[in-house]
Amino acid sequence: MQAQPAAVESQNFGSILALPEASSSWNNAAAFLAGCLVTAAAAAMSLRRPLKPQQFDTFASLATAAHVDLAEPPAVLGRDTDDTCLRRRFEAMLRKGQNSICAAIEKCDGKAKFSPDAWMREGGGGGISMVLSDGAVWEKAGVNLSVIYGNMPTETLVAARTRQAGYAKDLKPGEKVPFFACGLSCVMHPRNPHCPTMHFNYRYFETEAGDWWFGGGTDITPAYLDEEDMKHFHSVYKKVCDKHDPKFYPKFKKWADEYFVIKHRGETRGLGGIFFDDLNDRDKDTIMAFSEECLNNVVAAYVPIIEKHKNDPFTEEQKRWQLLRRGRYAEFNLIYDRGTIFGLTTGIGRVESIMMTLPEVARWEYNHQPEPGSEEAKIMELYRNPRDWL
């Protein structure tokens, strides 16, 4: 399949005028995903016209920027030497969370283990990708840590945020901005259609110009509705939010509902959770403590739901529906997810780690519609009209 690049409106990532044709059967979706990568690259680079051949070459060279594989994860990925600085403390917090979450998932799965894959960047920093495949419970799960030092054009910095940094307006187009970014991302795709997919990301970003912010969140994507599961998941994060600021949960829950939207289909990716970005309205240690508590509650929010459903019987038709929803998951990640777009179009991201978030198997069917009154139609209504679970 030959995918054509899409024309897009400048700095409007939702205004995709053309999408690559989707495959319509059980597959690894390679052709579809390749087409979406082109579309996402065009959107994120804020082009008003399709990419020219030389621009494809530039994008390809950026995507394969030097990342050196390591035999063993280093003790520290960042290059800061002061153990008390926030950059070092944030990395240490994320690494601790990565290890504890992987241990809990391995215990629940009972079969597969996470394999570490460490790498360093020539420009500074690096990452540790922990990936589990072919488990008893999870087909694929990944928890990726990255610490990045780099330079980006002003336009990319602005696109990476929901609001423009105050100093960015004084920079010339194309001017490079030195930055530091540290984050932990996770996506888990279970085998059983009654077990939901879960995603989280917690990150810290700063520039040499003095701008900084935190972002993150945890959200859930079930293929079938269990209201008690959704109440449990949301209540865990409401409790965490309320402890730090009673305004957080309603604000961040709404933000998740509005962010995880597949705009070209008019539906959400899943049933929400919390999401926040550009958070810098209080001191750094206070926000870091909030991020840490959110991260430390991933297992409490998610694993009890998996334990409840991992042995549920399911039909071939239910598996088919799960794979269709995975197709929607891939569409969102490749076309709208700011982290994916940022990593791929700046050339700072390691492609294998970025694409880890996608399921190994997904499905696209032409004009699929769930049967009226079915369980699939019931949850489809919630994808189109998010609700308050508490």
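This note goes through the confidence, the overall make-up and a few local features of a predicted model.

1. Confidence comes first, since the model is predicted. The mean pLDDT of the chain is 82, and 77% of its residues reach 70 or more. Where pLDDT is low, the predicted coordinates should not be read in detail.

2. On overall make-up, the chain has twelve helices and ten strands, and buried residues make up 57% of its 390 residues. Among the contacts in the chain with a separation of 6 or more, 72% are accounted for by residues 24 or more positions apart.

3. The strands β1, β2 and β3 can be described through their pairings. Strand β1 (residues 67-70) pairs with strand β2 (residues 115-121) in the antiparallel sense over four bridges, and within this pairing aspartate 69 has tryptophan 119 of β2 as its bridge partner. Strand β2 is also joined to strand β3 (residues 125-133), again in an antiparallel run, by six bridges, with serine 115 standing opposite valine 131 in β3. The strands β2 and β3 form a hairpin that has three residues between them, and glycine 124 in the turn has a positive phi of about 115°.

4. Helix α3 (residues 86-109) packs with helix α8 (residues 298-309) at an angle of about 10°, and their axes are 11 Å apart. Because angles under 35 degrees count as roughly parallel, α3 and α8 are described as roughly parallel to each other. From α3 the contact is made by Ile101, Ala104, Ile105 and Cys108, and from α8 by Val298, Val299, Val303, Ile306 and Glu307. Sorted by class, the contact of α3 with α8 has eight nonpolar residues, no polar residues and one charged residue.

5. Helix α3 has a further contact, with helix α7 (residues 284-296), where the two axes come within 10 Å and cross at roughly 10°. That angle makes α3 roughly parallel to α7. On the α3 side the residues are Leu86, Arg89, Phe90, Met93, Leu94, Gly97 and Ile101, and they meet Lys284, Asp285, Met288, Ser291, Glu292 and Leu295 of α7. The residues of this contact of α3 with α7 divide into seven nonpolar, two polar and four charged. Ile101 of α3 takes part in the contact with α7 and is also listed in the contact with α8.

6. Most residues other than glycine have a negative phi. Aspartate 134, which is not a glycine, has a positive phi near 55°, and aspartate 278 likewise has a positive phi of about 55° although it is not a glycine.

7. Where do these two aspartates lie, and are they buried or exposed? Aspartate 134 lies in the loop between β3 and β4 (138-153), and its relative accessible area of 46% makes it partly exposed. Aspartate 278 has its place in strand β10 (residues 273-279); because buried means under 20% relative accessible area, aspartate 278 counts as buried at 5% relative accessibility.

Conventions:
Residues numbered from 1 in each chain as written. Predicted model: local features only at pLDDT ≥ 70, side-chain atom pairs only at ≥ 80, totals over all residues. Heavy atoms only, no water. Axes fitted to C-alpha atoms, helices over the stretch in contact; angles between N-to-C directions. Parallel < 35°, antiparallel > 145°, perpendicular 65-115°, else oblique. Contact = heavy atoms within 4.5 Å. Nonpolar A, V, L, I, M, F, W, Y, C, P; charged D, E, K, R; others polar. Pairing = 2+ DSSP bridges. pLDDT = per-residue confidence, 0-100. Buried < 20%, exposed > 50% of the residue type's maximum accessible area, 1.4 Å probe, protein only.
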